[in-house]
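Please keep the sequence and the 3D view at hand while reading.

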Amino acid sequence: MSGHVEILERRAGAVDIIVVKGRLDAGSSEKAEERINRVLDAGGRSLLVNLCDLDYISSSGLRVLLAALKRLKKDGGALRIACAQPQILEVFTMAGFHRIFSLSPDEAAALAGFAVGS
Amino acid sequence: MFFVLLQMICVVMVVAYLITRSASFTRVLDDLVTWKSQAILTLLFGALSIYGTESGITILGATANVRDLGPMVGGLACGPVVGLGAGLIGAAHRFSLGGFTAVPCATATILAGLFGGLIFLAAGRKFIGMHGAVLFAVGMESFHMGITLLLCRPFDEALEVVEGVAFPMIIANATGVFIFALIIGNLITERQTKAERDTFLSELERKKAELRIAHDIQMSFLPERLPEVAGLELAALSLPAKEVGGDFYDAIPLPGNRTAFVIADVAGKGVPAALFMALSRTVLRANALVPRSAREAVREANMLIAEDAKSGMFVTLFYAVVDPATKMLTYVNAGHNPPLLFRSGSGRPLELKGTGIILGVMPEADYGEETISLESGDLVLLYTDGVTEAINPGEEQFGEKRLIETVMGCHDLPPGAIVDRVRDAVVRFSGDEPQFDDLTLMVLRVV
């Protein structure tokens, strides 16, 4: 299994939006990490990760998000997660991620969050 | 004449093969020319030039020949020194034969080597390639004919000779250069392929070695055997995956007959994950041994680990201290998937849920702890997500439900047998799917 993950990239003003769909697990998280790193390498400082259609996340998936967050924090950037589904939120809660990530119910709210810089 | 040309082509092929396979020629391709290798190549291409003269067909004292071939190829492939040197050898030999075309023929041969060498320099000290080489041969031979017409007198005789030999000489020299270019081109491609293959193989070898090292580090940080703990029966198992690694379990004897049980999963793979696992385990052990509460031990360990965590490394950890005297289990769950407590004689297991954030991300994080009272016959199953997230060929996960059913089906067996049953169930479920994540289990039973 190479991981059924689909990753799309968009931009909204100065915000890079990465949409991750499907499963973010040991088999697919490397691909996600590469894509995110490419955006950050290109100078992206505001990253919105849209998880509306993410069905599953494993610890390797959490690691990718955490690595992105650490990198952005170091460079004075920001990362917001939008629209995580209940089963994803459950994993986030178990890991304690809800305490270190800014979670927004949807993309619009997350974009608004970047705007006010919170 | 056709047979003479054919014979000549055969000789050229053999000579081209031998020269290009010589050590001196290899040095040229590697850009490591020495005076010695240049001298050897000059002699070889010079000899080819003499052969070119000797093998020619004589027409009115002039010969249709491939004397220019050696100097041309020597220059094109090895540079101006070899080209000019071979040209001088061929020219000296031709000049010694005399005849009314001796001067222009000798001159053309020297120039053939020189021009070839200049093209080599212009191409950036390398062979220009087949098309360029053949084109050069055609041009060079036409030029050769031109200076013959220009320098030889009487003009009528010169014209007669040129009319006779021009076409066969252009064709023969172009063919010879073509053969050389083909063989040199093959050689260059062959060496490139070999270099790429070597790089690929050494990369593969390095990756394999890295995986082996990661595996060895990981295994060396797992307990060789679990300690004897009064009032408990224990069993544990860890099956590392090929690439993803970093699970560990531990049983640490504490003062007062108590024991700390640990199961943990480092997110990441390869050597970095294995080293992070070794760090986490050591830090945790050191902190467990200081007399303090479970939550303080984990909090301290987290602080130290978080300071060292790079690029999103983290570890999920379940840490439980069991006191056999009071049968109390106090645990801290730092983002690890909840262990299951099967109460003796009752159905559904209890989940020992999270009491804090994963280790390594928030240095100042605080952790809660829970205490539960154990009873004789209770069974605690600690596991990592490699168990529940093992997938079958239909991409279904093994899941918690199957895990619970498996354990409930063998609840009364010794812990060692329960561990085996779970492993067998997961392996059977996965079928031919590769194991993606480490699979780690620990079973405690209260006697």
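A residue is called buried if 20 or more other C-beta atoms lie within 10 Å of its own, exposed if 12 or fewer do, and partly exposed in between. The model described here is predicted.

**Helix H13 of chain B**

- Helix H13 of chain B comprises 16 residues, 415–430; at 1.5 Å a residue it should span 22 Å, and the distance of 23 Å between its end C-alpha atoms agrees with this.
- The buried residues of H13(B) are Pro415(B), Ile418(B), Val419(B), Val422(B), Ala425(B) and Val426(B).
- These residues lie on the same side of H13(B), because the arc that they cover around the axis is only 130 degrees.
- An α-helix has 3.6 residues a turn, so residues three or four places apart point the same way.
- Asp424(B) and Arg428(B) are exposed residues on the face of H13(B) turned away from its buried side.
- The cover over the buried residues of H13(B) includes two strands of chain B, E3 (232–239) and E12 (439–446), together with two helices of chain B, H11 (385–388) and H12 (399–408).
- After H13(B) comes Gly431(B), which has a positive phi near 60 degrees.

**The open sheet of chain B**

- Five strands of chain B form an open sheet with antiparallel pairing, in the order E4-E5-E6-E7-E10.
- E4 and E10 (370–373) of chain B are the edge strands, each of which pairs on one side only.
- On average, neighbouring strands of this sheet are turned by 15 degrees against each other, direction ignored.
- Seven bridges join E4(B) and E5(B) in the antiparallel sense, and Phe248(B) stands opposite Ala264(B) in E5(B).
- Helix H9 of chain B (residues 270–289) packs on the sheet and touches E4, E5 and E6 of chain B. The direction of H9(B) makes about 155 degrees with that of E5(B).

**Contact between the chains**

- The contact involves 22 residues of chain B and 16 residues of chain A.
- On the side of chain B that touches chain A, strands E5 (259–267) and E6 (314–323) of chain B each supply at least two residues.
- That side of chain B has nine nonpolar, seven polar and six charged residues.
- Helix H2 of chain A (residues 59–74) lies across E5 and E6 of chain B and runs at about 65 degrees to E5(B).

**Backbone features in loops of chain B**

- Most residues other than glycine have a negative phi, and most peptide bonds are trans.
- The peptide bond from Arg153(B) to Pro154(B) is cis, with omega near 0 degrees. Pro154(B) is placed in the loop between helices H7 (130–151) and H8 (155–220) of chain B.
- Asp31(B) is not a glycine, yet its phi is positive, about 60 degrees. Asp31(B) lies in the loop between helices H2 (23–29) and H3 (35–54) of chain B, and it counts as exposed because it has 8 C-beta neighbours inside 10 Å.
- Asn257(B), also a residue other than glycine, has a positive phi near 65 degrees. The loop that holds Asn257(B) runs between strand E4 (247–253) and E5 of chain B. Asn257(B) is partly exposed, because 13 other C-beta atoms lie within 10 Å.

Note on methods: Residues numbered from 1 in each chain as written. Chains lettered and ligands numbered in written order. Predicted model: local features only at pLDDT ≥ 70, side-chain atom pairs only at ≥ 80, totals over all residues. Helix = DSSP H or I, 4+ residues; strand = E, 2+ residues; numbered from the N terminus. Expected span 1.5 Å × (residues − 1). Arc of directions from axis to C-beta. Contact = placed C-beta atoms within 7 Å. Nonpolar A, V, L, I, M, F, W, Y, C, P; charged D, E, K, R; others polar. Pairing = 2+ DSSP bridges. Axes fitted to C-alpha atoms, helices over the stretch in contact; angles between N-to-C directions.
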